[in-house]
Amino acid sequence: MQSSTIRNLFLDYFSSKDHLVMPSFSLIPQSDPTLLLVGAGMAPLKPFFTGEKKPPHPRVATCQKCVRTPDIERVGHTGRHATFFEMLGNFSFGDYFKEEAIAWAWDLVLNGYRLPEDRLWVSIYYEDEEAFKIWNEKIGVPAERIKRLGKEDNFWEIGLGPCGPCSEIYYDMGEEAGCDRPDCGVGCDCDRYLEIWNLVFTQFSREASGELIELKQKNIDTGAGLERLAMALQGVHSLYEIDIVKPVYEHFSNLVGSERRDQEVPLRVITEHSRGITFMIADGVTPSNEGRGYVLRRLLRRAVRFGKLLGIEGNFITDAVPLITDIMGPEYPELKERREYICQITRLEEQRFRETLTQGMEILDGYIEKVRRQGGNMLPGELAFKLYDTYGFPLDLTAEMVEERGLTVDREGFDQNLKQQQARARAASRSSAGEEDDLKYKAVENLTTVFTGYETLKQEAKLLLALVDGENRSTLEKDQKAEVLLDYTPFYAEAGGQIGDTGYIEAPAGRIKVENTIFSPWGQIIHQGIVEEGRVSAGEMVTAGVDSGRRQGICRSHTSTHLLHRALRHALGNHVNQAGSLVAPDRLRFDFNHFSSLSSEELQAVEEEVNKMVLANVAVQVTMTSLEEAEKMGATAIFTEKYEEDAVRMVSAGDYTRELCGGTHVSASGEIGLFRIISEEGIGSGLRRIEAIAGMNAYRHTVENDRLLHKIAGSLNTTANRLEQKFDEHLSEYKSLQKANHDLKQRLAAGEVKALLSEVNEIEGVKVLSAKVSAENLESLRMVMDEVKNHLASVVVVLGAVTDGKVILVGSVTPDLVSRGIQADMLLKEVARQVDGGGGGKPELAQAGGKNTAALPDALGSVEDLIREQLKTVGQV
């Protein structure tokens with residue numbers, strides 16, 4: 001039976017049992033910060049189980065794509081463990097319970113999938129007598145084929161709250177798949193008894209006392225692994241032999257020489273990981289060093305490393321993406337739609353890691369040998385961190401590689417190094433400020449403020465509360481900085497990237513200048529400002545007025561971000577999603593996920609498309625609707641935002657763009673006036689940032705550019721129309737002069753090198769040149785170094801010079817000597833320390849600088865001793 005038939009049969013069966021069949025959710029969890037990735041069929045349905053949201057139907061069935069990594073080290077070593085899999089599931093939210101769940105599962109397995117009954121086994125929680133009676137007395141499974149397992153295997157719970165026993169259906173794969181142990185049976189860790197379906201009966205709540213309380217609303221959560229069902233139904237002993245995985249395995253096998261095709265584990269790892277990589281990128285995950293991006297990077301780099309062990313060259317993961325999307329595309333059309341994007345992200349990450357993999361593995365080999373010579377069995381955390389920081393080796397990859405050699409990794413030491421590097425960034429993101437805000441604004445917790453700023457910029461209101469440094473004040477005096485709350489306010493509080501409004505609050509005997517507007521921890525609107533005139537008292541009726549010109553600028557910027565988002569999707573693809581923004585009156589900033597910088601042509605196309613929509617002067621309308629209806633209408637939502645199911649605010653610019661948004665906007669796109677992109681840059685792996693301006697700021701920017709253009713043209717004695725031609729002429733002349741200058745410097749360097757070659761010494765079979773030379777800058781110094789290397793195939797070169805009262809240093813070690821343990825970066829680090837400086841680089845090439853020019857001769861004189869020390873460290877002296 002084909003996998004597609006298995007999938008459809010399951011969903012059709014439960015549809016006939018009055019289940020709502022829902023499509024697979026994204027691998028990126030929606031509104032659940034506790035999860036990095038969806039790892040179970042029930043994960044996206046969690047709000048329905050907890051009662052946070054009302055389910056669309058009391059019975060639901062899905063086929064959910066999942067990624068789970070706790071068993072990553074077992075992938076390839078068994079036929080059943082995987083990081084990516086499809087989970088078939090049927091769910092009940094307070095509707096049916098154990099009897100129906102068990103009966104339907106058994107019916108589908110026997111009469112739908114027609115698995116032989118004599119190869120089926122059942123497990124239950126050892127105290128679940130109700131489940132035993134259903135299986136034994138109502139279903140008719142013999143007692144000897146019902147195995148009672150303990151809490152670790154057959155009771156589901158996560159801390160306090162809902163929990164319950166499980167019951168599982170196993171398929172006997174046959175003696176040939178077993179472990180030959182006399183006690184081999186259900187629950188054994190070998191491949192013989194394959195768990196194909198898990199039924200979770202959520203019937204209890206674990207209390208703080210440890211007591212189990214029976215729930216009034218009992219739920220059902222089941223999961224049947226598609227790949228495991230396929231193994232049973234297709235009569236194979238591993239997931240690598242089923243119809244949707246075998247072609248991928250064979251693809252990679254064909255890339256390996258015949259002498260290595262028996263290396264099954266690496267081939268399995270590459271096959272399995274490539275599927276997860278493809279699905280994760282399709283759902284918007286990009287490689288990074290944290291969060292779900294780290295999971296992706298770990299899978300990809302692990303696969304690349306195993307490919308290298310097999311001798312596979314090139315971007316082999318990327319090359320497999322079209323095959324995977326062809327196989328899985330009929331069920332998951334987003335794979336085919338985003339195929340090119342998946343390939344681009346995978347190719348970029350493969351290339352980056354492959355550049356450092358060989359060198360990093362050589363360095364790791366050296367570290368391992370050093371640890372062994374010293375009689376140790378643990379790789380120091382500092383060295384593991386260097387592999388991570390310099391060569392991009394995820395800690396888990398390093399750990400796996402050293403464990404293959406019988407060592408472990410000092411994870412605690414690694415973590416200490418990582419924390420030191422990220423101390424400032426981590427400190428900036430701590431939530432202590434949030435705890436201070438909770439205390440500061442405690443007085444506002446039970447107050448209610450209503451925003452009226454969508455309809456008006458001026459509002460009569462009552463001043464509910466006045467705070468000075470968090471303390472309640474009945475009266476505010478002139479020049480006091482304060483925070484005030486009104487029962488109704490037209491001021492927009494900073495949210496969703498849009499900055500807070502400014503303006504004034506006019507009282508009977510005073511006036512507050514509002515300098516910013518924010519939300520309290522409980523959602524009340526707080527006006528921050530200073531008393532400009534007189535005095536203002538709590539309880540007074542006041543008039544609140546927003547700075548209309550500033551608000552209009554904010555509206556232009558905000559609507560521009562929506563148009564920009566849509567234009568980027570048109571130009572680059574639907575993988576583009578907002579990752580952050582700043583909406584201000586004078587500018588806008590838009591962060592989005594994309595794998596490479598935008599060309600000038602792409603930027604021009606995006607800017608032109610936005611301005612076409614501005615000229616079209618389409619109406620910008622706001623619609624309140626349900627989340628489901630908004631999604632049907634094609635509204636774009638932000639992954640990290642949390643939306644109410646029944647009431648969302650959708651902002652539309654004609655039929656061009658629809659986004660869920662709580663911000664303020666122009667009433668028609670023509671009010672933007674003009675839109676200009678100022679800059680585009682990368683801000684992280686797979687993240688780009690565009691800064692832009694709109695309205696009069698965009699006009700002034702254009703006028704200033706025009707003025708500069710004419711000024712430059714005048715300086716070159718030409719007109720603006722002929723400036724490009726004139727520039728090309730000057731550039732050509734400049735390049736000719738630059739080449740002549742370079743040639744002259746090279747001839748001078750060659751002359752100096754002839755004298756330097758006589759100063760080359762030999763230490764333990766290593767040729768070494770360490771000398772002070774004349775050089776006006778680093779480029780000239782590197783030129784001399786390169787000339788030395790042209791004369792000597794194997795050499796360590798360290799050169800120093802004094803320029804502008806400072807020391808400059810360069811160092812080079814040829815590859816053959818790097819393999820002997822000599823590292824240019826470590827050499828120059830020590831030499832630079834002696835001249836009160838520092839530097840860095842790679843084992844083959846490094847540069848440094850310092851302040852102590854007088855110490856340069858002695859520092860260069862220490863190079864030979866430093867080389868002896870490095871050779872001694874690796875045991876070659």
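Predicted model: local features only at pLDDT ≥ 70, side-chain atom pairs only at ≥ 80, totals over all residues.
User: Which residues have the most contacts inside the largest nonpolar core?
Analyst: They are W135 and W197, and the core they belong to has 120 residues.

User: And which helix gives the most to this core?
Analyst: Helix α12, covering residues 339-373, gives the most, with 12 residues.

User: What does the second, separate core include?
Analyst: That core has 29 residues, and L588, A653, Y656 and F675 are among them.

User: Let me step back to the whole chain. How many helices and strands are there?
Analyst: The secondary structure of the protein chain comes to 27 helices and 35 strands. The chain has 877 residues, of which 49% count as buried. Its C-alpha trace spans about 100 × 85 × 55 Å along the principal axes.

User: What about the surface, and how much of it do carbon and sulfur atoms supply?
Analyst: The protein chain exposes about 40900 Å², and carbon and sulfur atoms supply 47% of that area.

User: What share of the contacts with a separation of 6 or more comes from residues 24 or more positions apart?
Analyst: Such residues account for 68% of those contacts in the protein chain.

User: How far does α3 reach from its first C-alpha to its last?
Analyst: Helix α3 runs over residues 98-112, which is 15 residues, and reaches 20 Å. That value is close to the 21 Å expected at 1.5 Å a residue.

User: What follows α3?
Analyst: R114 follows the helix, and its phi is positive, near 55°.

User: Why does D128 count as buried?
Analyst: D128 counts as buried because its relative accessibility is 6%, and the cut-off for buried is under 20%. K98 also counts as buried, at 1% relative accessibility.

User: How many salt bridges does a search of the whole structure find?
Analyst: The search finds 46. One of the other pairs is E506 with R511, whose closest N and O atoms are 2.7 Å apart. E506 is partly exposed at 30% relative accessibility, and R511 is partly exposed at 24%.

User: And what does R658 pair with?
Analyst: R658 forms a salt bridge with D655, the closest N and O atoms being 3.3 Å apart. R658 is partly exposed, with a relative accessible area of 21%, whereas D655 counts as exposed at 71%. Elsewhere, salt bridges that share partners join R74, R80, D189 and D191 into one network.

User: Now the strands. Is β22 mostly covered or mostly open?
Analyst: Strand β22, residues 541-546, is mostly covered, with five of its six residues buried.

User: How many bridges join β13 to β22?
Analyst: Five bridges join β13 (residues 458-468) to β22, and the two run antiparallel. Within that pairing, G545 of β22 is the bridge partner of K458. Strand β18 (residues 503-507) is also antiparallel to β22, joined by four bridges, and G503 stands opposite V546 in β22.

User: Where is D469?
Analyst: D469 lies in the loop between β13 and β14 (471-472). D469 has a positive phi of about 55° although it is not a glycine, and the residue is exposed, with a relative accessible area of 75%.

Methods:
Residues numbered from 1 in each chain as written. Heavy atoms only, no water. Core = buried A, V, L, I, M, F, W, Y, C linked by side-chain atoms within 4.5 Å. Buried < 20%, exposed > 50% of the residue type's maximum accessible area, 1.4 Å probe, protein only. Expected span 1.5 Å × (residues − 1). Pairing = 2+ DSSP bridges. Contact = heavy atoms within 4.5 Å. Areas by Shrake-Rupley, 256 points an atom, 1.4 Å probe, with all protein chains shown as cover. Salt bridge = Lys/Arg side-chain N within 4 Å of Asp/Glu carboxyl O.
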